[in-house]
2 protein chains.
Amino acid sequence: MKKVTIKDVAKEAEVSPSTVSRVISDSPNISKSTKDKVRFIMDEMGYYPNAIARSLVKQKTRSIGLVMSRPTDRALANPFFSGVIQGIAAVAQEKNYSLLLTAADNYEDEYQEALKQLKVGRVDGLVLLASRINDDLIKQLLKNNYPFVLIGRSQEYQSIPRVDNDNYKAAYDLIIKLIQSGYKEFSILAGHKDYVFTGDRLKGVIDALKENDLSLDPDRIEFTDFTFESAEKSAYRILSNHNTDALIAFDDLLGMAAVQTAESLGFSVPDQIGIVGFNDHTLVSYLKPSLTTVKIPIVDMGERAISMLIKMLENTSYNGEEKIIPTEIIERESLKFK
Amino acid sequence: MKKVTIKDVAKEAEVSPSTVSRVISDSPNISKSTKDKVRFIMDEMGYYPNAIARSLVKQKTRSIGLVMSRPTDRALANPFFSGVIQGIAAVAQEKNYSLLLTAADNYEDEYQEALKQLKVGRVDGLVLLASRINDDLIKQLLKNNYPFVLIGRSQEYQSIPRVDNDNYKAAYDLIIKLIQSGYKEFSILAGHKDYVFTGDRLKGVIDALKENDLSLDPDRIEFTDFTFESAEKSAYRILSNHNTDALIAFDDLLGMAAVQTAESLGFSVPDQIGIVGFNDHTLVSYLKPSLTTVKIPIVDMGERAISMLIKMLENTSYNGEEKIIPTEIIERESLKFK
DNA sequence: TTGTAGGCGTTATCAC
DNA sequence: GTGATAACGCCTACAA
C-alpha cells in the first residue's frame, strides 16, 4: 500500500499540486468548487499530508521535547512527573503539538539528548522539569537561543521563562502556621540536595523559625533520595535522635515513609508527632492516616508551562515570563493545626 | 544564529555536499584525510545533520508512537504505565529512537490520534498499551499494514505481534495455591470490564475453582474503575455482603483500597481476610500491611515490546511474534499461604 | 483563481 | 574517492 502524495491527489483532481496544497491549508483564495472537489478526492484516496515534508519546508516540527532532569525511570515513578505530564499532554493535544519524550540513563546524558533533539531539528522547543542546581543545559539553551520553559527555578539564571510555585513562601507560611498551632520541635525530611526547590523550602523554613526566635539544629535536617528505603532511614535517624513534634517532609512520598517509620517506632501520628508532606499526590489522601500536605498544583503547572512555550513558538515577539502559582495547605489526619 | 547546513560545511571544507554526507554516514569509500578535515569543520561550525530532512529522504523517522488506550491523564496516574514506559524509554534511547507520546481526552480520540501519527508519517510504528476489548485500532493497523506491537492481548485478533503475561494462568495458579492453603471463600475485586486482562484473569479464577468443585457467586465479583473511591465502594459491597477469607484484587491499587476498607470494617488483614493484588507496584511493598501480589514484570514487558517493534522496523522479513512473560507470586503480609 | 518553478536539507545514483 | 544531479513531499513566491 503505497503512500499517496500531493501529486497523486493533484493528478486525480486535475489540478496542480499547489492547488491541493492550498486546499490543505484552507487558503481563502480558492474557489469553493475546486476546494470541494479536491477535498472529496483527498479522502477518497485516503490522503494525509506528510508531516515530515511539511516540517522541512516550514522549518517547524510542531513537536516539543520533554526533559525530566533525572533518570527517566525514576522520574516516571514519581507522581510529580506524571502530574506535570498530564497537564502538558492535555494542552499539547489541544494545540496540535506532539510530545517527544527524551530518555537517558543519567542526568548528563539526558541533557545532551535533549539538546540534540533541538540541534537536529526534531523539536521546536523544550519543557524542562525540576531542574537541578548548576544547570548547564539552561546555559546552552540560552546561548543558542533555543526556546524552552522551565518548570521550577534555576539557581544561576534569573528571569528565564518558567513556571513555578513559590517554594520559599510555601515553606515559610507552613512553618508560621505550625508555630501558631503550638508546634515547637521541628525536623525536616528534605529531598535531594541538588534540587533547587529543596534549598528554597529549607530557606523558607529557617527564615520563619528565625523570625520567631527559633533555630534549627542542622542534625534535624535529613537529605534523602526519593526512594522509600532512603526516606525511611532518614526518618529513622531523625526520629530516634531528636525529640520532634512536627516533621516536615518535602515530598508526600517521603512523608508517607515518615509516617510509617514514626508508627513503627511507637509514636502515634498525629498525637505525638505531626507529619506534613508536599505536593498532594492523589494517593496520599487515602493513606491511613491521610497525609496533611502542602498542595502544589502540578497539573496546572504543566499546562501553563507548555502553553507559554507554544506562545513563544508562535509569537516571536513574546519571550516568555515567570509565572508563580500559589500553593495551599491541606489539613488531613497526619498533622492537625490548632 | 542561523542553522548550519550540509552545504555550509561543504563550502567551508571545499568539498561537495555528497562528500559531507558520506562523512556523516561514515562511508568506507572516502579518504581518511578528507574525513578528518570534514569532521573537524563540522564541529568547528557546530553542524548537526537535520533529522527532518533525513527522515524525508529515508522515509523513516526513527520515532515510535506510544498509545495508552485510555485518557492520558488517568493512564499516567497508574504505575503500570510508568513501568512500561520506563522499559520502553530505556530501549528507545539505547537504539536511538525517539518516543512520541500520543494524548487525548478519551479513548476514541486517542486511537484516532495514534493512527494519524502514522498516516502523516510522523512515526514508524506504534506500541499499544493495555488494549481494550473490541479494538478497532488494531483492525485499522492491520488493514494498513502499519507496524505495531501490542502489550496485552486482543480479543478479536489472534497471533499479532505482542508481549503479554499469561493472565489466565497467573490467576489460575494463584487460586490453586490459595485453595491448597485452605482458603475457601473467594471474592474478586476486578478491574474495568472492558480490559481484556480482566476477562482473562476472571476465567483463570473460575476455571481453577471449578476444577476443585467450587463455584463463584457472581455477586462476589465487583468490577471497578482504577480510582480509589470506586475501589473502596466495590470492596465495601463485597465485604459487607459476603463472607470472604481471600479477596483477589486485579491491581495493587485496588488491593490497597481493599485492605483499607477491610480494616475500617473491623476485619484484620490477613488474619480474618487475606488480600492479594496484581502487578507489584513499587509502593505496595511498603504499605502496612505490605501487599501480597502477583508480580508482573512490566518494565521487562515494555523493553521487549519496543525491541520487537524495532526489529520489525529494521528487518522487513521479521513480522513480530507473541511473547508471553511469566509471572510470580510474591508473598507479603496481606495474605499468607499456608 | 490557478499553475510554474524553486527550494527546504538530506541521501542515492551515476558518472568521472 | 569524489562530484553532479535528481529525488523525498510539501510550500510559496511569482506569473498568468
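## Interfaces in a predicted two-chain model

Across the interface of domain 2 and domain 3 of chain A, the rule finds one salt bridge, a salt bridge being a side-chain nitrogen of Lys or Arg within 4 Å of a carboxyl oxygen of Asp or Glu. This is a predicted model, in which local features need pLDDT of at least 70, side-chain atom pairs count only at pLDDT 80 or more, and totals for chains, interfaces and linings use all residues. Residues are numbered from 1 along each chain as its sequence is written, chains are lettered from A in the order in which they are written, and side-chain values use heavy atoms, with hydrogens and water left out.

**Within chain A**

The domain assignment of chain A gives domain 1 (1–39), domain 2 (63–165 + 299–325) and domain 3 (167–297); such bounds come from an automatic or database domain assignment. Between domain 2 and domain 3 of chain A, the C-alpha centres lie 28 Å apart. Arg153(A) forms a salt bridge with Asp200(A), with the closest N and O atoms 2.7 Å apart.

On the side of domain 2 of chain A that touches domain 3 of chain A, α6 (79–94), β5 (162–165) and α13 (298–314) of chain A each supply at least two residues. Here α13(A) gives the most, with three residues. Helices (H or I, at least four residues) and strands (E, at least two) are DSSP runs, numbered from the N terminus.

**Between the chains**

The table sets the two interfaces side by side. Contact means heavy atoms within 4.5 Å, and buried area is the accessible area (1.4 Å probe) that two parts lose on being put together, summed over both.

| Interface | Residues in contact | Buried area | Share from carbon and sulfur |
|---|---|---|---|
| Chain B and chain A | 50 residues of chain B, 50 residues of chain A | about 4600 Å² | 61% |
| Domain 2 and domain 3 of chain A | 17 residues of domain 2, 14 residues of domain 3 | about 1400 Å² | 53% |

Across the interface of chain B and chain A, the rule finds two salt bridges. Lys288(A) forms a salt bridge with Glu263(B), the closest N and O atoms being 3.4 Å apart. Polar contact joins 22 residue pairs across the interface of chain B and chain A, both residues at pLDDT 80 or more.

The elements that give two or more residues to the side of chain B that touches chain A include α4 (51–58), α6 (79–94), β2 (98–101) and α12 (252–264) of chain B. Strand β2 (residues 98–101) of chain A pairs with β2(B) in the antiparallel sense over three bridges; two strands pair if DSSP finds at least two bridges between them. Leu101(A) has Leu99(B) in β2(B) as its bridge partner.

**Backbone features of chain A**

A cis peptide bond joins Lys288(A) and Pro289(A), with omega about -5 degrees. Pro289(A) lies in the loop between β9 and β10 (292–295) of chain A. Asp280(A) also lies in the loop between β9 and β10 of chain A, and has a positive phi of about 65 degrees although it is not a glycine. Another cis peptide bond joins Val269(A) and Pro270(A), with omega about 10 degrees. Pro270(A) is in the loop between α12 (252–264) and β9 (274–279) of chain A.

Notes
Polar contact = N/O pair within 3.5 Å; in protein donor to acceptor, adjacent residues only side chain to side chain.
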